[in-house]
Structure formats: C-alpha cells, structure tokens
Number of protein chains: 2
Amino acid sequence: MSLTNPTEELLAALGADVVILDEAARFGASFDNARLSFMPEALVRPRDEDDVAKVLALANRHSVPVTPRGAGSATTGAASPLKGGWVLDMSGWKNLHIDSDAGLAYVQPGVVTADINAEAEKLGWCYPPDPSSHKYCTIGGNIACNAGGMRAAKYGVTRDFVMALEGFLPTGEWVRWGADLRKYASGYNLRDLWIGSEGTLGVITGAVLKLLPKPEARATFLMSFSNEKVALEASRAIIGARLNPSIMEFLDRQSVRCTLDEGLVLPFDTETVFAPALLLVELDGAADAIDLAAGRLEALMKGRAVAFRRAKSVDEAELLWSVRRKCSKAMFRIADGKLNEDIVIPPRSQDALIDFTLELKERTGLATPIFGHAADGNFHVHIMYRRRVAEECALAEKAVAELMGKVVELGGAISGEHGIGLSKTPFLRLQHSEAEIGAMLAIKRALDPRGILNPGKIFEPFRVWEHEIVRVTLPWD
Amino acid sequence: MSLTNPTEELLAALGADVVILDEAARFGASFDNARLSFMPEALVRPRDEDDVAKVLALANRHSVPVTPRGAGSATTGAASPLKGGWVLDMSGWKNLHIDSDAGLAYVQPGVVTADINAEAEKLGWCYPPDPSSHKYCTIGGNIACNAGGMRAAKYGVTRDFVMALEGFLPTGEWVRWGADLRKYASGYNLRDLWIGSEGTLGVITGAVLKLLPKPEARATFLMSFSNEKVALEASRAIIGARLNPSIMEFLDRQSVRCTLDEGLVLPFDTETVFAPALLLVELDGAADAIDLAAGRLEALMKGRAVAFRRAKSVDEAELLWSVRRKCSKAMFRIADGKLNEDIVIPPRSQDALIDFTLELKERTGLATPIFGHAADGNFHVHIMYRRRVAEECALAEKAVAELMGKVVELGGAISGEHGIGLSKTPFLRLQHSEAEIGAMLAIKRALDPRGILNPGKIFEPFRVWEHEIVRVTLPWD
C-alpha cells in the first residue's frame, strides 16, 4: 500500500481513534476563544507519550505544522492552527495527583485549573493562580501562556508555581526540565523558556506544581470612589501601607455602570454616587491578622472612599465578587464588538492611562471600560464597537494600536497574562528591540529547525481585522 | 601604530584605568572561592555600558574568552577564567535604588546582597533570598547562579524575585528581558534563561527585583532530637501541619559535634544527649499568628524532640543561629579538606540519604557531616579529608561521585543553589539526558556563536582533582 500524504501515514500509524479527520471535529479544533478559524488536516488525540513522539517524528519528516491545544480558551488565537497541519489535542490528559507531604501537584496538561486548587484545598494546600477562565481552562495552556489572575500581586503567576515540566522538544525528543524539588540549579533553565512560549518550543505532557498552605481565612471588602484616579490613588495607598492584599480589583465607572444596568444592587449602607469607581479587596491569612489589617484598611480609606463595606458573610462576599464577574459580559450592553487588551502599567503611570482612555473615548466616541488587577498593574482595557459599523471597526483598530503605543511609552507591557498569539503580533515590535527578537528567533530555530511547532505565532504580524470571526457559542459563553 | 594583539587593542580603546594588566590584579581575578586559578590576560573594570559593548565587540572579533565576575564568592569555579582571556569585573557597579511605591529594587550587579535587604527593610519591605554568603556576595552572581538560601521553601530563590534583567548578549547587543512590572507575557522569556546560566549567555548590567512586605515579627526555635531520622521526620511533620516556617535548618550529629567542640553551649533547660541532631526553625508573620503557631509547633514536637526552646530575646535568637553559622568552619576541626555538595532530595528520600552518608562514613573512614535546608530538601553534604593524604583524596573523590549518583537515583538534584561551574561538571550527565544537554548547547550556540562568554563552564567535564588549590585568604575566610 502506498501512503500518499503525511496525514494518511499518521492515520495508518496511530489509527482512527487517535487521528480524527471528521470535518466537524476538525472545525471545532480550528479556532480558540479568539474565534479565528483555520482548518487543520487532522485532529490528533494522543493516548500516551509514544503517540506524541510518533506525531512529532512524522511532522518533522514531512514538515507538517503541529499546534498543541488544551481547552482552547486562549483569547489571542494562540491555539488556532494558522498554517493547517495537525492539532495535537491534549485536553483528554487529565491525571492529577497531589503529594500532600511534599506540597506538590503532579498534573497532565488537560487538567482544569480550578480542579487543581479544589483538590489541593481538601488537603490544606492551595494553588493560587486563578485566571478568570479557571473553571474551564486547562493547565497546559496556562503554562503555555503563563496565565495570571487576580492573586498575582501577592502570590505570583503560573510561572511562579511550575517546578518541573516534561514533554517533547519540537524535534520529538523527550525531555524533562527541573524536578519535583523546591530547589534546582543544574544546567540551563528551559522550563521557564517553555513557560509562556505559547506552544512554539515544546509539547508539555506533564508538570509538577508547587502548592502553598491554604490561608486560614479570607475577608472581602468593597469600596467606592468618586472617580478612577481617587480609586487608584487609594490602591497605591493600600500597597504603600504594606497591607499586601491577596486580591485588589479595580473597576472604572464605565464598567460599573454596565453591571448596575444589569440590575445588580451594591450593598452599601450609605447613599453613593451613581456608577462610582470601585475597588474590591481581599485580605487573607490568620483570622486575627485579617481583623487587624481590616481596621487599618478602613482607617486608610477615610477621606478617600465614598463608601466602605466588609462582607459580613460568605454569601455577601459572593455578591460583592459578582460585580467584578459580571462586568465583562455586561459590557456587551454597549456594543457587540469588544477588544480586551490585558496591558500592564507601572504604578507611576496609572493616572496617565486613565487620562488616555478617557481622551480616547471622547475623541472616537467608542466606550473604553477598564477593570483589572490594581495591585500588579495588569488592567483590562476594553474598546467597544459595533461589528457591523465599518467606521467603528476602523476606529477600534486604530484605537488599539494607539493604546499599545501609549502603554509602551508609559513603561508598560502589551500583555500581562494572555500572551501574544495572533492578535497581539502587530504590537510585538513596540515591546521588543530587533536584538531581543533576534535572540528569541535564534532560539526558535535552534530548538525547532523544521519550524513545525505552532508556526506563525508571536513573531509574524497577523492582520486580525482581515479575518472573519467564527459565530459559535463556546462552553464558557 | 600597529596593534599586535587583542588585549593591546582593548587597552588602546579603553585605557589603563579600565584594562588592568598588573600581575597581582590579574592573579586576584584568576579564581573564585573554589580557588582554581587560571590567569586572564587582562582584568577589565568597565565604567559604563559603552565599555561593556566595546569589550564584547572586540572579544567577538578576535574570539577572546570573556568571564564576567562579581565578588567571586562562587564555590564552584564558575567565575574562574578557565580559558584565559578577559575577566569582566562588575563588582564596582553598585547603584541601588528602591521604589517604595512599587515595591521594587533597581540594582546594578555589584550590589552586595545583604545591602538590598537592609535598604528594603528601612522602608518596610524585604528581599528574602539570603545565601549564607549574603554579607559579601554580589547580586549579579546570585542571579547568574540562581542563589538560594535559608528562606527558599517559604519565599523562593533568587529567580523568584527577578522581574527584569538588562545587559548584553554574547554578541554585544544590548537587551532587556522583562520589565519593572509584576506581570509580563510578551515573547520568549530569556530573563529566566539568563538566570542560572552562570555568565555563559549574557552579561548582566542591571536588574529589577521584587520586594515583599517585611514580616511584622519573627520567632526562633531550637529543637534537639536523638538522631537524624527523628529530626527529619519532625521537619516533615512541621510541613505536614502547614506551619510554613520561613526557615527550617537541619544539623546532623556530626555537624553539631564540631560546633560544640568549639565551645558553644546550647541553651536548653533540660539535660540533653551529647551532640544531638538539631532543627532550627523560624516562623514569621503577624505576632499573634506566630504565638498561635508556636503553640502548635511545641505540641507537635512532644514525643519527637528531646528538647525544645523558643528564643526569649533577639540576643538569644542570635545565639541559636550561631550553632548553624559556626558549623561550616568548625568542620575543619575534623580535617583540612572539605567537599561541600549542595544536593537536593525529595522528602520521601531523606532517610535513604542519611543511611547512605552514614554507610559512606563507615566504609571510607571519612566524616560526612550534613546540614541544610530541611524545608526545601537542599542539604549540604560534606566529605572531610586530609589534603596531604593521597589515599584520603582518592577516597573523597570517589565518595563524591558515589554521592552524586545516589542523589540522582533518589530523585534529587546535584545542585540546589551553587550551580555547576567547574566542580560539578563531571556529574552533569547524571542529571540530564543527551537530548536535554543537546537543547542547552543548541541555545548556547545560537546566542554565542563565537563561544566567547565564560567558556568551558557547566558542560565540559573538568577534573578538579588534577588542579592545585590556591592557598589564599579571601575576605570571607
């Protein structure tokens, strides 16, 4: 029998349970949460390491693109198989084991992030990284994008919890970086090079994660402020007082207004201005220490906050958090198109960012709601536009480019936790010099000489606006 | 004028204040704390980035080895200019600025590590990494070796605090990896590739370090145990109880005996067995929370510890810590030759390590005192021998190789915080597969095509025993 093409050869090697050619299945693997669809030739669901090795060996022999994928909740197109080829679906790899004596979690890439923390908490440990997608995103993708979350300022991002990775080099060789040990100083650190490389430098088949002792208690506080600058000054004062909040979320007036328009009522005792700017703060630690810190927090907010509320129960804390959780979707009240840019700025530039987004709103007529992680400077700046109004699309495209330029000018970063994928590729050269990109590409060529692994991502400018968005409802919609 | 060699060309370009040819100065730069001397052709003390760029440009043009260096306290020979060439002495680069609003320290590579924490503490922050050399080692070397210290299990190692690095690629191009931001997800992470690469992939000229709020209080506890295994079981129970100690140092009976022989008296209320195994524990956090945890710790030690003591004052805490601090030097009471291996093992293998070292002592007649960081498994295993007794040297050489093999067999790491340098090169291939080392070397070639930066380190097996040790007294002796 003569094998006419690489995909047929793969099918013959691994069988139809592993190599799926069905069009609907391939379509489902053709995009991620960015909804930029590129059809792969096959969807591959490897059963074990041997299958992965065979896929990569064949891909190298025939120069077939291979795009690793988990749940597909990436917001940047990082999991779209831009150049076709094979999608390597790791979402079925769901083993999770916690070593309670060592305080470590052993995970396969398809484990849902929230499940890691849930299992850890049963044993008195916790896994702090909590991207807002934690109930459906998978840890392999969290590692590939170095996902963040709300607790990053106090506890760090995904990178800070990955002790070891194992998997395959693009060439198909099995490797392990780091170990299930809390210290390790041997050879070059390719573990952290893989983390955040968005599936372009290796295929992760296993990880060891560090756990922390679960905090004894948590307390939630909601504060409202007359405007954004007062709220952000208050957030800096909280950091300045070394209160070290485990969460400190900021919501601007535009974001809050969307949520209130959905019918949510804020549990403030006093009358407050309509649609104020908010801070949502969580303190964690020993119960006594929290009470002490809560007193200091309330005193610090005197003269700053219009209203201050400590959640009196778990249910009330849930209500407070719902303000934050609901605002992202509530923004679609404004318009059906939303650009969500997870930029980072240093504390010194917060006021300048607010001025810029308000000026942008004024000038373009597009809403620019902002919320985000005030303690680490990672703000989600949104630009809202009507998809069917060509002029608004053009304005939004231009506005994003302006925003990115401004962010870098303010000493910031174009992405704090989503990564570059496809959608941020036009801005990469704002962030990095040619020497820096040259060094990155030299590493890519050194590790992936055939250029098979997730090609076209991060470095090649991609014109998002020229591509139709797939109209589908995803599990998290 | 015709320039006859690269060093003369460098001298002509930078002047005699920067390019030092004096033999005594070159000899001082010819070794580090491992005392393996290789004479460089010049000692270069760059004044600014321009000087560094010129050094690297010339070194690339003429293929001259360049070895970056700070205080030279490395224990592995990492800063020895093995292949001659030029030593790039960064120890004079001492700028230190703390941004108290952002909780960040901006440092040049020559800043002494303890000074960073001292300055941070004045502002209510702290810099936790505390290698035992912190009073004289410099931060550039800490970053190059990913230095650890006693507080790593709770707070992490140097890597966990480096937000950004700037400096030069081996080719002489200026780059910056990361930013002074608490989140960053753009492009490949070469920051963490530089960290721990022992000066072989780049020259660090500046770093931004994350600070943590200074703990409100600290408390010190000393406990003695009848033998090593009981002490280590107790350390695992402390971790199991989620007490999360900021320090948990273990000392075996051999180490303690050396210290007691120096005349130190342990402040135990009760009679204890002579030269017991010890745990030294520090708890930090809110004062009330510490008191609570101290009660739990004492209850947990009932039936485990022979004696339990909480330091009643800062002075008494100092006395307790002196047991740990003095034991390394006190070991020279046993013999004048000491091999100090900073191995790491997982909790499950602690008993097997103790069995192995006691068996090794029995079999070889060489003392094998161990102390180290019980919370992160990073133990300093020593092999003591008399330098002038050829038979003991041969036994010690063989014993180290056996130890390293055993450590890897037990799921451990050959280095937790010192790195590989020259002295651990014979064991690198115990830790890493050929595929892993191949990937590391591919990166080295991609970033340093002329192979000029700190050549001969990490990857090329070096025979320490064939080299005479320089007999000098260093600042920290």
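Which strands of chain B does helix 10 (residues 287-301) lie across? In this predicted model, helix 10 of chain B lies across strand 12, strand 14 and strand 15 of chain B, and runs at about 10 degrees to strand 12 of chain B.

These strands belong to an open sheet of 7 strands in chain B, ordered 15-12-14-13-17-18-16 with antiparallel pairing. Strand 15 (307-310) and strand 16 (337-344) of chain B stand at the edges; each has a single partner strand, so one side of each is left without a neighbour in the sheet. On average, neighbouring strands of this sheet are turned by 15 degrees against each other, direction ignored. Within the sheet, strand 12 (residues 217-225) and strand 14 (residues 277-285) of chain B pair in the antiparallel sense over 9 bridges, and L222(B) stands opposite L280(B) in strand 14 of chain B. Helix 9 (residues 253-261) of chain B also packs on the sheet, where it touches strand 13 (247-251), strand 14 and strand 17 (370-373) of chain B. The direction of helix 9 makes about 85 degrees with that of strand 13 of chain B.

Over all chains, the structure holds 72 salt bridges, among them the following.

| Salt bridge | N to O distance |
|---|---|
| D192(A) and R191(A) | 2.9 Å |
| E262(A) and R333(A) | 3.0 Å |
| K444(B) and D448(B) | 2.8 Å |

D192(A) is buried, with a relative accessible area of 1%, and R191(A) is buried at 14%. K444(B) counts as buried at 13% relative accessibility, as does D448(B) at 2%. By contrast, E262(A) is partly exposed at 46%, and R333(A) is partly exposed at 49%.

Key
Residues are numbered from 1 along each chain as its sequence is written. Chains are lettered from A and ligands numbered from 1 in the order in which they are written. This is a predicted model: local features need pLDDT of at least 70, side-chain atom pairs count only at pLDDT 80 or more; totals for chains, interfaces and linings use all residues. Side-chain values use heavy atoms; hydrogens and water are left out. Two strands pair if DSSP finds at least two bridges between them. Helices (H or I, at least four residues) and strands (E, at least two) are DSSP runs, numbered from the N terminus. Axes are lines fitted to C-alpha atoms, for helices over the stretch in contact, and angles run from 0 to 180 degrees between N-to-C directions. Contact means heavy atoms within 4.5 Å. A salt bridge is a side-chain nitrogen of Lys or Arg within 4 Å of a carboxyl oxygen of Asp or Glu. Buried means under 20% relative accessible area, exposed over 50%, partly exposed in between (1.4 Å probe, protein chains only).
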